[in-house]
Amino acid sequence: MANGGPVEHGYPHLDTVRAAITALYKRLSYDTIHTFATSVAPADVAFGDTDDLHLGAQRVAREMVRHYHLPDARLIVGFREMEHAANVELAAGPEYFVELNDRFRTHRRDIGAALAHEVMHVYLHRLDLSFPGTRDNEILTDTAATYLGAGWLLLDAYREDAASSQKLGYLTPEEFGYVLAKRALVFGEDPSIWFTSPQAYTAYTKGMAQARRDEQQPPLTAAGWAGRRRYAKDRRYAQDHHAPGPGPGMPYTFTRGGRDPLRVSFPCPTCHQRIRVPVRGRVRARCALCRTVLECDT
């Protein structure tokens, strides 16, 4: 939790975020992912200053449990002084104890954001889905909460001006915006109408631009002129030298096995699972993981 301190920006965790999206599709399946097509509604997690602190926190926790399809989980929410925003005790269940930073006693509007992250820990714990290392596992948790419809609260908790700052979660604001945009492109949902923080809206627009760039990488037909020209050069080199290529930084690689024709491998712009297709001009590919149909010019 950044509370008055500097807020990191940009996309330093982008590779891990993309790996987290792939892991969600692999562990949950396309059908299960699509049961989360509707995000948490603002009215369902609204928390006024006159609401009872503990009863309100329990109500929001129940809403997160419902949203994540954990009907047999019960959360007991308390408050104490601590360094981080919140903490959850991951036991066998069905009861889970969540502690929130005392700061939320007077910043109640952000309790939903904190619980979105902590209840996702419970969800992933029950799925037995985790990444090695605390940092990557927390990035997985933020990404999963956002992609499954509750993470817009985490981005909306980001506020920054010349005198103060606040941000929850491990992702940067732009990375939260990126995952929200990836979700919006799949479900046709516009989360920006729920933002109360102008900085959150700016981060979302930047994240959407980054997500759109995923859809404009060769060999996809939506790639721009410069990308297509670089792709043609790399393809020609791979054909002439029987080398995989291209140089670092390119999303695609070429492979050839024995007498097999040249193939190109590239990440699906939706789930980032790698797709492998023959190099033979116009090809329509379908991602087996997220079922996205891709128009390619290989």
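Among contacts in the chain between residues at least 6 apart in sequence, what percentage join residues at least 24 apart? The figure is 57%, where contact means heavy atoms within 4.5 Å. This is a predicted model, in which local features need pLDDT of at least 70, side-chain atom pairs count only at pLDDT 80 or more, and totals for chains, interfaces and linings use all residues. Residues are numbered from 1 along each chain as its sequence is written, and side-chain values use heavy atoms, with hydrogens and water left out.

**Overall fold and dimensions**

- The chain contains eight helices and 11 strands; helices (H or I, at least four residues) and strands (E, at least two) are DSSP runs, numbered from the N terminus.
- A compact globule of 298 residues would have a radius of gyration near 19 Å, and the 21 Å of the chain agrees with that. The radius is taken over C-alpha atoms, and the globule rule is 2.2 Å times the number of residues to the power 0.38.
- Along the principal axes, the C-alpha atoms fill a box of roughly 70 × 45 × 35 Å.

**Surface and charge**

- Of the 298 residues, 51% are buried. Buried means under 20% relative accessible area, exposed means over 50%, and partly exposed is in between (1.4 Å probe, protein chains only).
- The accessible surface of the chain is about 14000 Å², and carbon and sulfur atoms account for 49% of it. These areas come from the Shrake-Rupley method with a 1.4 Å probe; for residues, only the protein chains shown count as cover.
- There are 37 positive and 35 negative side chains, and the centres of the two sets lie 12 Å apart. Lys and Arg count as positive and Asp and Glu as negative, while His and the chain ends are not counted. The place of a charge is NZ of Lys, CZ of Arg, CG of Asp or CD of Glu.

- In soluble globular proteins, nonpolar side chains tend to be buried together.
- The largest nonpolar core has 95 residues, and the members that touch the most others are Met 64, Tyr 68, Leu 100, Leu 115, Tyr 123 and Leu 155. Helix 3 (residues 111–127) gives the most to this core, with 11 residues. Such a core is a set of buried Ala, Val, Leu, Ile, Met, Phe, Trp, Tyr and Cys residues joined through side-chain atoms within 4.5 Å.
- Met 82 is in the loop between strand 2 and strand 3 (86–89) and counts as buried because its relative accessibility is 17%.
- Met 82 and Leu 100 are 18 residues apart in sequence and 8.1 Å apart in space, C-alpha to C-alpha. With neighbours within four places in sequence set aside, Met 82 is in contact with Asn 87, Glu 99, Leu 100 and Asn 101.

**Backbone geometry**

- Most residues other than glycine have a negative phi, and most peptide bonds are trans.
- Pro 218 and Pro 219 are joined by a cis peptide bond with omega of about 15°. Pro 219 is in the loop between helix 7 (198–214) and helix 8 (225–241).
- Ser 29 is not a glycine, yet has a positive phi of about 85°. Ser 29 lies in helix 1 (residues 14–33) and is partly exposed, with a relative accessible area of 30%.
- His 69, also not a glycine, has a positive phi of about 60°. His 69 is in the loop between helix 2 and strand 2 and, at a relative accessible area of 39%, is partly exposed.

**Loop with Asp 72**

- Asp 72 is in the loop between helix 2 (53–67) and strand 2 (74–80). Asp 72 counts as partly exposed because its relative accessibility is 45%.
- Asp 72 and Pro 94 are 22 residues apart in sequence, and their C-alpha atoms are 6.3 Å apart. Apart from neighbours within four places in sequence, Asp 72 is in contact with Pro 94 and Arg 126.

**Gly 281 and Arg 282**

- Gly 281 is in the loop between strand 9 (274–278) and strand 10 (282–286), and its 23% relative accessibility makes it partly exposed.
- Gly 281 touches Cys 296, Asp 297 and Thr 298, not counting residues up to four places away in sequence. Gly 281 and Tyr 96 are 185 residues apart in sequence and 54 Å apart in space, C-alpha to C-alpha.
- Arg 282 is in strand 10 and is exposed, with a relative accessible area of 64%.
- Residues up to four places away in sequence aside, Arg 282 touches Thr 221, Cys 296 and Asp 297. Arg 282 and Thr 205 are 77 residues apart in sequence and 32 Å apart in space, C-alpha to C-alpha.
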